[in-house]
Amino acid sequence: MRSSLTPFLLRRFTLRHWRLAPKQSALLVLILALGVAVFVAVRLANRAAVASFSNFTETLTGQSDWSIQAPAGTLPESILPELRDALDGRPVHIVPVVEVTASPPPSPGNENKFGRPSYTLLGVDLLSVANLARPQDKPFFNQSVDSRNSDADTGDFWKSFNAGPQVWVSRDFADPLPAHIDLVIDESVRTVPVAGIIPSAPDAPRAPPTLMILDLAQLQKLSGKTGRIDRVEFLIEPGPRADERRAELQTLLVDLGRHGERWSVSAPGAKRDSAEAMTRAFRLNLTILSLIALLVGLYLIFQALDGAVVRRRPEIAILRSLGVEESAIRRVWLWESALLGLAGGALGLLLGWAGAQIAVRAVGQTVNALYYSTTVASATPAPSEIALSIALGLVAALAAGWWPAREAARTPPAQVLQRGAAPAAGHRVMRSLGFGLAFILAGILCAQLPPLRFDGGSRFPFAGYAAAFLWIFGAGILCAFLLPPFARLARGWGTRFAPASVALSHLRAPSGRHRLAAAALLCAIGMTAGMAILVASFETTMQGWVKRTLQADLYIASSGAQSASSQNRISASAAQALAGHPAVERAAMLVAYPISLDGIPTLLSGVDLTDPATRPDLPWVKAPRDNSVFDPALNAGLALVSESFTERFRLTQGDTLTVPTPAGPKSLTIAGVFADYGNERGSILADLPKIRAWFADDAVTNVSLYVKPGVDADTLRAELIKTYPGLSIFTNARLRSEVLRIFRQTFSITYALEVIGVAVAMTGLALTLISVLLDRRDELTTLRALGFRRREIALAASIEGLAVSACATVGGLALSGALGWLLIHVINKQSFGWTLTYAMPWGQLAALAVIVMTTGWAVSYAVGLWGADLPADREE
Amino acid sequence: MAAKRRKMRKKIPHLLFLLFASFAPLCGQTSAPLTTADGFAVPQPGHIFTFPRDHGSHPEFKIEWWYLTGHLFAKDGRRFGYQATFFRSAAPDKSTHLHLAHMALIDVATGKFHHQERLNREGWDARSSTTTLDLHNGPWSLRFLDATAERMSLRGGIRADVGFNFTLSPAKPLVVFGENSVSRKGSAPTAASYYLTFTRLRTEGVLTLGTESIAVNGESWMDHEISSSQLDQNQIGWDWVSIHFTDGRELMFYRLRLRDGSSDAASSLTWVDAAGRTQKSNFKLDVVETWKSPATGAVYPIRVRLTTTDPSTGKPITLHVEPLAKKQELTGNLGGIPYWEGACRILDDSGRELGNAYMELTGYAKDLKL
């Protein structure tokens with residue numbers, strides 16, 4: 001009776017049950033699979049959204065060794081000869097790069113929307129990239145669109161070289177290649193000839209379809225960056241002592257850049273790392289949410305296996321009396337869990353991969369809206385993720401199967417005699433009021449802890465999530481204590497109606513199964529409703545903020561500005577022309593530059609603080625103590641910062657920070673803190689003339705126009721759009737709705753995750769009732785003998801189900817109130833630094849309650865009908 | 001005339017196309033127009049060179065190059081041959097210039113040949129001064145350290161495997177090839193160049209080879225040629241040889257090969273005596289051995305016999321040109337077709353070594369099309 005018994009027992013014992021009740025086993029696998037699938041989908045989508053972000057330059061040059069970038073703004077070209085001289089003949093390629101985002105011009109129907117596709121335009125000296133000794137590459141200046149079909153040698157080098165701006169695109173861009181492409185860069189629409197396909201070496205990553213390449217000088221001209229570059233990449237020549245030379249180059253670049261003052265030096269992949277860091281909190285939050293379904297599933301697997309133990313007790317007892325040891329029984333049960341887990345994990349991987357193809361778009365849109373321009377390609381699981389998802393299914397199943405396996409093993413042989421004995425009341429943890437309260441208390445303590453902080457300024461509220469899970473478990477336990485009082489309350493009614501009386505009698509002493517079903521449902525409801533509260537609070541806050549900050553009649557930005565990181569601007573002349581339009585009473589300009597503060601990306605913006613009209617627009621979190629920040633004579637060293645900024649940099653009112661600018665580092669004291677829900681990176685707001693002087697640039701990021709009385713904003717918008725086809729012009733109402741649309745889009749993926757969680761919990765309720773009814777087969781026989789009809793048996797079951805649903809709903813809603821508070825004041829605040837006003841979405845909560853209870857009732861009724869047809873005695 | 005250079009792939013047609021220019025057949029008497037049809041300057045007879053200005057760049061001319069070849073010796077007896085070349089070529093519309101550069105090294109002991117090419121447009125990473133010798137292309141540079149003494153510095157190398165850090169000083173005065181400041185290159189009136197050569201430059205410095213820094217010294221030859229003329233359609237390539245004799249004289253020979261296999265009338269052989277005076281002489285060339293490049297399939301006459309008259313004795317002399325290594329082909333593809341440019345030594349009939357040489361063989365790659 002050693003382990004060689006296990007295969008025999010599995011075959012004759014476990015598999016026989018699976019064969020006899022294939023649907024139930026399949027359902028268990030499906031629940032597990034769903035839990036794993038959601039996790040996998042979100043993980044894959046997350047990875048795709050981040051992986052798509054890269055420097056792109058490697059498409060052309062291979063991976064560079066170092067890259068330098070100004071801490072704010074661009075670098076002047078004059079540093080290039082300086083760098084070359086400083087390198088003193090060292091064999092290093094110096095590759096200056098300009099990177100610009102652009103989008104296709106608005107087409108009728110989408111001119112009013114954010115989130116149109118955006119292209120990354122990369123400007124590199126296309127002649128000198130040929131020096132990078134990539135023999136597979138074809139040179140740029142001899143290609144033509146037709147060269148794909150004919151002899152490439154027919155291209156004329158000089159004709160191509162002197163052709164003016166022309167763009168090379170990815171092989172995946174379009175087939176056939178268009179002769180021209182329209183691009184919105186800053187406020188202008190440019191028609192640029194398509195010169196050919198980006199040549200790619202076999203070892204280089206293939207150019208993504210959104211990447212376009214232009215000659216450096218041409219892109220500088222097109223984007224108004226003549227004489228400026230965004231970064232310089234360095235590639236050391238291959239040969240001996242490469243590591244030594246690479247390190248030496250770094251030292252030299254760091255010294256020459258005056259340790260970050262002129263420029264910062266970063267290694268390849270650093271940009272991707274910072275993109276990862278930037279979105280880490282967002283992605284972790286999603287990952288946690290994606291575990292809801294699995295968590296709910298965990299309850300159910302536990303419950304199903306526990307149910308199986310109860311049902312198979314007679315057989316276990318026989319095995320025991322035949323001398324099979326406890327350990328062998330336990331092993332078989334764990335094997336059963338493991339097999340379920342493996343099957344669930346594998347199926348979950350497939351479902352998850354399919355789901356990722358949808359989720360990836362949602363995640364990509366959010367990343368685009370909140371962080372940076374990303375081109376989401378496809379989400380394919382890596383081998384590690386395949387292993388992870390299988391392992392997740394396995395671990396979940398084993399964790400859930402552990403206790404039932406122990407119970408099974410402990411079944412005393414004598415219990416066989418008590419067929420139909422009262423089902424177990426459940427694990428003592430589940431029955432302990434003390435444990436439940438202890439969990440809640442531990443959660444309260446966790447909620448007081450600060451977040452974990454990562455490089456790059458992102459924060460993760462680990463303790464906050466721990467608190468949430470503790471509360472969910474605690475509430476799950478406590479919820480079952482609602483069942484007996486509920487039953488007692490309903491007794492008066494129950495005595496007059498036999499099916500109710502039967503149902504309520506069961507609830508007065510709830511079984512472990514009831515407890516688990518209630519806990520699983522509560523978990524799903526609590527999290528769903530909690531999230532709904534967060535979203536509602538966010539939305540209410542957002543609406544208030546939008547109402548307060550969006551006062552102008554028209555909002556204007558380059559329609560190339562499609563992402564939070566876009567640097568498309570409006571030229572000073574266009575901005576002046578807009579402001580000077582006869583129908584315009586007043587105009588406000590905003591400039592914003594991405595800067596890097598201690599290596600953490602944030603925004604430095606400027607508005608006219610001295611304009612008295614600016615002030616009421618600012619939603620204060622901490623208002624300035626006096627008016628000096630608005631006084632041009634006094635505000636030289638003062639700035640306002642957004643709330644996210646204070647959280648991210650741990651600075652607040654009265655603190656002084658040093659910001660890098662092209663004019664050198666500037667010291668600013670924080671005079672006040674304002675709310676800004678549009679930007680998670682945080683922003684510093686200073687007086688416009690100062691920012692303009694520092695950046696020596698008079699282009700603006702946004703213009704808002706206040707029209708004269710009697711002028712119709714829509715009419716003016718129509719007129720301006722004709723004059724400036726490259727500008728996105730929003731009316732106030734339109735912008736408000738757009739902002740809220742993006743906001744809701746951001747949460748769309750979380751809604752999907754919740755729906756799945758609730759669906760799993762509902763399945764769980766059905767499963768519970770199925771096993772409950774199977775347990776009570778004798779009772780059903782008795783009821784039938786007493787004259788209960790099929791419909792009455794179903795009614796009894798439905799009342800039982802409804803009662804469990806009702807308790808879970810009541811408990812779940814109470815839990816959601818707490819979770820909502822936690823999400824708003826701890827998790828959100830710690831992750832994003834936004835203060836939200838608590839708002840209850842009563843309608844949504846009521847709808848959720850009604851849906852859960854109705855579904856619970858209907859599902860239970862259906863199960864009851866099935867139970868009523870159960871024969872009196874049969875192998876399950 | 002050291003005029004060099006190859007026909008190019010069509011990739012970057014005009015650049016090396018123009019490098020061919022000065023090989024058009026010599027012709028004679030027509031007075032030179034001021035500019036070519038496309039508006040570039042034409043070398044004028046009687047031009048007075050001013051230095052160091054004329055060692056610098058002449059952007060009004062379409063094409064210009066500075067061409068160094070030399071032999072270097074280490075204390076332990078190891079020897080090396082090197083090439084360092086800077087080209088400038090104007091855009092047809094004169095909007096910019098392209099700068100091409102080639103570097104090569106032959107390690108005679110191992111037979112390992114290194115080479116690299118570099119192509120940049122005029123700008124921060126490639127430029128040539130118009131006031132003195134000051135050339136840059138990426139990390140490579142050639143410039144005067146002392147314009148009066150005409151002492152120059154060469155910084156270059158081949159990837160990170162080879163580094164050149166040499167100082168070069170003229171051992172003999174500058175030679176101006178041609179007549180009346182102008183070296184005529186063909187029948188067209190515009191086909192001419194200014195052709196300036198330091199036939200013998202004492203060269204010393206540090207050669208980096210792998211992780212090793214080797215103190216070397218030796219002698220180099222430097223051509224500087226300026227022109228705007230066009231290639232003769234009938235020429236398919238050329239052979240060029242420069243010789244440093246141990247007796248202090250030099251010899252420069254080139255043969256333009258015509259499509260029909262004959263030599264163009266412009267082909268010539270010039271002796272430079274110890275004082276720097278030039279004298280043309282007759283020549284006869286026989287191919288002794290060819291070598292087929294495994295990389296390009298081109299068959300190069302890498303061992304030749306040059307028969308001429310030694311002006312110091314008035315007697316015929318046979319010069320055996322022997323490559324120090326066969327594999328000295330520059331196979332690069334940035335600027336044009338492959339060519340062979342190799343360090344050689346010169347032997348007489350008895351096998352006595354008379355000096356060191358560099359030989360250039362172009363137009364042998366089989367894909368060559370005009």
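Me: If helices (H or I, at least four residues) and strands (E, at least two) are taken as DSSP runs numbered from the N terminus, how many strands does chain B have?
Reply: Chain B has 23 strands, together with one helix. This is a predicted model, in which local features need pLDDT of at least 70, side-chain atom pairs count only at pLDDT 80 or more, and totals for chains, interfaces and linings use all residues. Residues are numbered from 1 along each chain as its sequence is written, while chains are lettered from A and ligands numbered from 1 in the order in which they are written.

Me: What percentage of the residues in chain B is buried?
Reply: A residue is buried if 20 or more other C-beta atoms lie within 10 Å of its own, exposed if 12 or fewer, and partly exposed in between, with C-beta atoms placed from the backbone. In chain B, 52% of the 370 residues are buried. Contacts, meaning pairs whose C-beta atoms, placed from the backbone, lie within 7 Å, can be sorted by sequence distance. Of those in chain B between residues at least 6 apart in sequence, 58% join residues at least 24 apart.

Me: Which backbone features stand out in the loops of chain B?
Reply: A cis peptide bond joins B:F51 and B:P52, with omega about 10 degrees. B:P52 sits in the loop between helix 1 (13-19) and strand 1 (63-74) of chain B. B:K94, a residue other than glycine, has a positive phi, near 65 degrees. The loop between strand 2 (79-90) and strand 3 (97-107) of chain B holds B:K94, which is partly exposed because 13 other C-beta atoms lie within 10 Å. Phi is also positive at B:S181, near 75 degrees. B:S181 belongs to the loop between strand 10 (175-176) and strand 11 (183-184) of chain B, and with 18 other C-beta atoms within 10 Å it is partly exposed.

Me: How many residues does chain A give to the contact, and how many does chain B give?
Reply: Chain A gives 27 residues and chain B gives 26 residues. On the side of chain A that touches chain B, helix 4 (79-87), strand 3 (92-102) and helix 5 (157-161) each give two or more residues. Helix 4 of chain A gives the most, with four residues. For classes, Ala, Val, Leu, Ile, Met, Phe, Trp, Tyr, Cys and Pro count as nonpolar, Asp, Glu, Lys and Arg as charged, and the others, Gly among them, as polar. That side of chain A has 14 nonpolar, six polar and seven charged residues.

Me: At what angle do helix 14 and helix 15 of chain A pack?
Reply: Axes are lines fitted to C-alpha atoms, for helices over the stretch in contact, and angles run from 0 to 180 degrees between N-to-C directions. Helix 14 (residues 433-446) and helix 15 of chain A pack at about 160 degrees, their axes 7 Å apart. That makes helix 14 of chain A roughly antiparallel to helix 15 of chain A; angles under 35 degrees count as roughly parallel, over 145 as roughly antiparallel, 65 to 115 as roughly perpendicular and the rest as oblique. The residues in this contact divide into 13 nonpolar, three polar and no charged.

Me: How does helix 15 of chain A lie against helix 26 of chain A, roughly parallel or roughly antiparallel?
Reply: The axes of helix 15 (residues 462-480) and helix 26 of chain A come within 10 Å and cross at roughly 170 degrees, which means that helix 15 of chain A is roughly antiparallel to helix 26 of chain A. Among the residues that meet are A:W471 and A:I472 in helix 15 of chain A and A:L815 and A:L819 in helix 26 of chain A. This contact has 16 nonpolar, three polar and no charged residues.

Me: At what angle does helix 18 of chain A cross helix 26 of chain A?
Reply: Helix 18 (residues 498-508) and helix 26 (residues 790-832) of chain A cross at roughly 45 degrees, and their axes come within 8 Å. Helix 18 of chain A is therefore oblique to helix 26 of chain A. The contact includes A:H506 of helix 18 of chain A and A:E792 and A:E800 of helix 26 of chain A. Its classes are ten nonpolar, one polar and two charged residues.

Me: Where is A:A396, and is it buried or exposed?
Reply: A:A396 is in helix 12 (residues 383-410) of chain A. A:A396 counts as buried because it has 28 C-beta neighbours inside 10 Å. Not counting residues up to four places away in sequence, A:A396 touches A:L32, A:G35, A:L294, A:G297, A:L298, A:I301 and A:G341.

Definitions and conventions
Two residues are in contact if their C-beta atoms, placed from the backbone, lie within 7 Å.
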